[in-house]
Amino acid sequence: MKHFTHMEASSAKEAAQNASKGDAMFIAGGTDLIGTLKDEILPTYPITVIDLKTIGDMDGIEDAGDAIVIGALAKLADVAESEAVATGCAALSQACERAASPTIRSMATIGGNICQMHRCWYFRTPDDRFHCLRKGGEYCPARIGDNRYHSIYGDQDGCYAVSSHDTAPALVALGATIVTTDREVPAEEFFRANGARSNVLEDGEVVTQIKVPKAQKSAFQKFALRKSIDFPLVNCAAAQGQDGACRVVLGGVFPAPVRSEAAEAEVSGGISESSAQAAGDAAVAECAPMSKNAYKVEIARTLVKRTLLDIA
Ligand SMILES: Cc1cc2nc3c(=O)[nH]c(=O)nc-3n(C[C@H](O)[C@H](O)[C@H](O)COP(=O)(O)OP(=O)(O)OC[C@H]3O[C@@H](n4cnc5c(N)ncnc54)[C@H](O)[C@@H]3O)c2cc1C
């Protein structure tokens, strides 16, 4: 691992100011960042790593009436165990419960979860061996290489890695808002398919809070190869807001979470076995898998149906 200076931030503002030049990175639980630094997967390295855990008041989980407000430093384990989250935003509670392992969940933060880098075996190969599009290179090796875990959404010029954060589809389905040191961003606009980051954050922007509106009903489903600890092959969240309308979001299928308005339209008259099946079919109608990942289309279709039936 290359050397860096370690700085303990006392406030989000201080952390943001010290990272604004673009040569620093933030660390929260470190469960993602430390691996990327050790393996030297990136073409350039931070001079300073700014520790956010020393910020005192950023890990709360508060019931604010219509919404649950979660500090970015709240641990995934604490979100999963929160009764307020389980009652008001069940999909998020279930997503945190299914992420990684108990040990990782007790270190990993929700802010870090939504900011983690993409999980792609080309992107993550040590020593920047595949200088892929996401790192400023000229091609995505998954297009011609082993793409069994990659995007199933057709030909595109960009990256084929998938968004593998378990909390992301839940936050988009629930209509959450990501609060940073500079602005408030709807979760639906926060995640980004291309570019160096998996999200729209600028240099020196710290996620401070996540506001999650309470839903009438919501649910999360995940399919992974191992039950104990594994990233999602596909995950899905559905939420029925206070107005009765459903939002359906898939993860693990594209470089950013995919909201399916076509699936939502199929259940606008109510959720039944047949409308949930039609929603599953609609959600994958535009998929165009690559050479080795057609099996993921069937998983996505089934997860949409199962997740909707969970909230029927
Ligand atoms: C073996 C293993 C299995 C895993 N399985 C899963 C899984 O099944 N599902 C899943 O969703 N995830 C999984 N993960 C990923 C893990 O959940 C995430 O790494 C974790 O949530 C990241 O949180 P963290 O606090 O450790 O982030 P860190 O590692 O500290 O940071 C991750 C990234 O986010 C940035 N960052 C952190 N906090 C902030 C903030 N407040 N504002 C701005 N930027 C910030 C950092 O700069 C860094 O780039 C797994 C990880 C491992 C190692």
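Trainee: Which elements do the buried residues of H1 pack against?
Mentor: In this predicted model, helix H1 spans residues 12-19, and its buried residues are Ala12, Ala15, Ala16 and Ala19. Around the axis they cover an arc of only 95 degrees, which puts them on the same side of H1. The elements that these buried residues pack against are E2, E3 and strand E8 (207-213).

Trainee: Which exposed residues does the face of H1 turned away from its buried side carry?
Mentor: The buried side of the helix is made up of Ala12, Ala15, Ala16 and Ala19. On the face turned away from that side, the exposed residues are Lys13 and Gln17.

Trainee: Is Asp51 buried or exposed, and what is its relative accessible area?
Mentor: Asp51 belongs to strand E3, which runs over residues 48-51. Leaving aside neighbours within four places in sequence, Asp51 is in contact with His6, Met7, Glu8, Ala9, Ile27 and Ala28. A residue counts as buried when its relative accessible area is under 20%, and Asp51 is therefore buried, with a value of 7%.

Trainee: With which side chain does the side chain of Asp51 make a polar contact?
Mentor: His6 is one of the residues in contact with Asp51 once neighbours within four places in sequence are left aside. At a distance of 3.4 Å, the polar contact of the Asp51 side chain is with the side chain of His6.

Trainee: Of the 32 residues around the ligand, which come nearest?
Mentor: Among the elements that each supply at least two residues of the shell around the ligand are strand E2 (24-27) and helix H7 (110-115). By class, the shell has 17 nonpolar, ten polar and five charged residues. Of these 32 residues, the ones that come nearest are Phe26, Ala28, Thr31, Thr109 and Asp230.

Trainee: Which element supplies the largest share of the shell around the ligand?
Mentor: Both E2 and H7 supply at least two residues of this shell. The largest share amounts to four residues, and the element it comes from is H7.

Trainee: What is the relative accessibility of Asp127, a residue with a positive phi?
Mentor: Asp127 is not a glycine, and its phi is about 65 degrees. The residue is placed in the loop between H7 and helix H8 (167-173). Exposed means over 50%, so Asp127 counts as exposed, with a relative accessibility of 52%.

Trainee: Which residue has its backbone oxygen 3.2 Å from a polar atom of the Arg226 side chain?
Mentor: Arg226 is placed in the loop between strand E9 (217-223) and strand E10 (234-240). Its relative accessible area is 49%, which makes Arg226 partly exposed. The backbone oxygen that lies 3.2 Å from a polar atom of its side chain belongs to Ile229.

Trainee: Which elements are included in what covers the buried residues of H11?
Mentor: Helix H11 takes in residues 273-283, and its buried residues are Ser275, Ala276, Ala279, Gly280, Ala282 and Ala283. Seen down the axis, they fall within an arc of 165 degrees, so they line one face of the helix. On the other side of H11, Glu273 and Ser274 are exposed. What covers the buried residues includes strand E11 (246-251), helix H10 (261-266) and helix H12 (295-310).

Technical notes
Residues are numbered from 1 along each chain as its sequence is written. This is a predicted model: local features need pLDDT of at least 70, side-chain atom pairs count only at pLDDT 80 or more; totals for chains, interfaces and linings use all residues. Side-chain values use heavy atoms; hydrogens and water are left out. A residue is near a molecule or strand if one of its heavy atoms lies within 4 Å of it. Ala, Val, Leu, Ile, Met, Phe, Trp, Tyr, Cys and Pro count as nonpolar, Asp, Glu, Lys and Arg as charged, and the others, Gly among them, as polar. Buried means under 20% relative accessible area, exposed over 50%, partly exposed in between (1.4 Å probe, protein chains only). A polar contact is a pair of N or O atoms within 3.5 Å; within protein, one must be able to donate a hydrogen and the other to accept it, and residues adjacent in sequence count only if both atoms are side-chain atoms. Contact means heavy atoms within 4.5 Å. The arc is that of the directions from the helix axis to the C-beta atoms.
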